[in-house]
Amino acid sequence: MGLKIILTGATGMVGEGILQECIRNPNVDKIIVLNRKSSGYSHPKVEEITVNILNDIFYTKEKISNCDACFFCAGISSVGLNEEQYTKVTYDLTLNFAKSLAKINPKMTFCYVSGAGTDSTEKGRRMWARVKGKTENDLMKLSLKVFNFRPGFMKPSKGAKNVKGVFKVINIIYPLLRIFNPIYFLKIEEVGKAMINVTINSYSKQILEVKDISQLSKI
C-alpha cells in the first residue's frame with residue numbers, strides 16, 4: 001500500500017508544487033487536500049475537502065485518521081504585517097492544526113514548511129524568523145513525528161499556476177543560480193520528494209536545512 005497524505009496550502013506556490021510531486025510519485029496512493037477554496041486539480045489520487053476554517057478538522061476525522069503524513073504548506077508572507085498578525089496566521093493556525101492531528105493520530109508524520117534563516121532561539125531581530133522559530137520549537141513538543149523543512153529559494157514546478165513576484169524571475173534564471181550555488185537553490189519537486197522520503201524512511205534530524213532536503217530528495 002502506498003502513502004496516504006494530507007496536504008494544506010495547495011493554492012499557494014509551494015503547496016501546489018508538493019501536490020504535483022505527490023500526484024506523480026509512485027509511493028503516494030492518496031492525497032487529501034484541505035483548502036478554503038478549490039486548488040483546481042482533478043486526479044484519481046486527489047480528494048479535495050473545502051473547509052471554512054482550516055484548523056477545524058475534527059469533522060474530517062474519519063477520512064484523515066489513517067493518513068501516514070501531513071505536508072503542511074499553508075502560510076503567508078510577513079510583508080505588511082505586524083508580529084501579532086503574522087503570529088496569528090503562522091503560529092496559531094499551524095499549532096492548532098497540528099495539535100488536532102496529534103489527537104486524531106499521534107504517530108503521524110508532520111512536515112512543516114518553514115524557511116532558511118529561521119531563528120530557533122526566538123530572540124533574533126527578524127520578526128518572521130522568530131515566529132517561525134517558535135512554531136518549529138512548539139511543533140517538536142508534540143507527539144507527531146515532526147520534520148521542519150527550511151528551503152531557501154525554490155524553482156516553481158513546471159505548469160504551476162500559483163507563481164507570483166520574484167519567483168517568476170527565479171524560474172527564468174534558475175539554471176544560472178543552480179550553477180552558482182547548487183546547494184542553496186532547490187526545485188519545489190525536490191522538497192516534495194524529500195517529504196515523501198522522510199515519511200517512508202524518517203531522518204536523523206528534525207530540522208532540515210537546504211542541504212538535508214537536497215540529500216533526502218535523492219534517496
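1. Start with a pair of facing residues: A69 sits opposite T109, the latter in strand β5. The chain gets from β4 to β5 by way of helix α3 (residues 83–104), and that β-α-β crossover is right-handed. Keep in mind that this is a predicted model.

2. Strand β4, which covers residues 69–72, runs parallel to β5, with four bridges between them.

3. Now for β5 itself, residues 109–113. Five of its five residues are buried, so the strand is largely enclosed by the rest of the structure. For the cut-off, buried here means under 20% relative accessible area.

4. Which way do the β5 side chains go? T109, C111 and V113 point one way, while F110 and Y112 point the other way, and all are buried. As background, side chains in a regular strand alternate between the two faces of the sheet.

5. Last, a look at K61, which is in helix α2 (residues 61–64). Its relative accessible area is 44%, so K61 counts as partly exposed. K61 and L101 are 40 residues apart in sequence, yet their C-alpha atoms are 8.8 Å apart in space.

Conventions. Residues numbered from 1 in each chain as written. Predicted model: local features only at pLDDT ≥ 70, side-chain atom pairs only at ≥ 80, totals over all residues. Heavy atoms only, no water. Buried < 20%, exposed > 50% of the residue type's maximum accessible area, 1.4 Å probe, protein only. Helix = DSSP H or I, 4+ residues; strand = E, 2+ residues; numbered from the N terminus. Pairing = 2+ DSSP bridges. Right-handed = clockwise from strand over helix to strand, strands pointing away.
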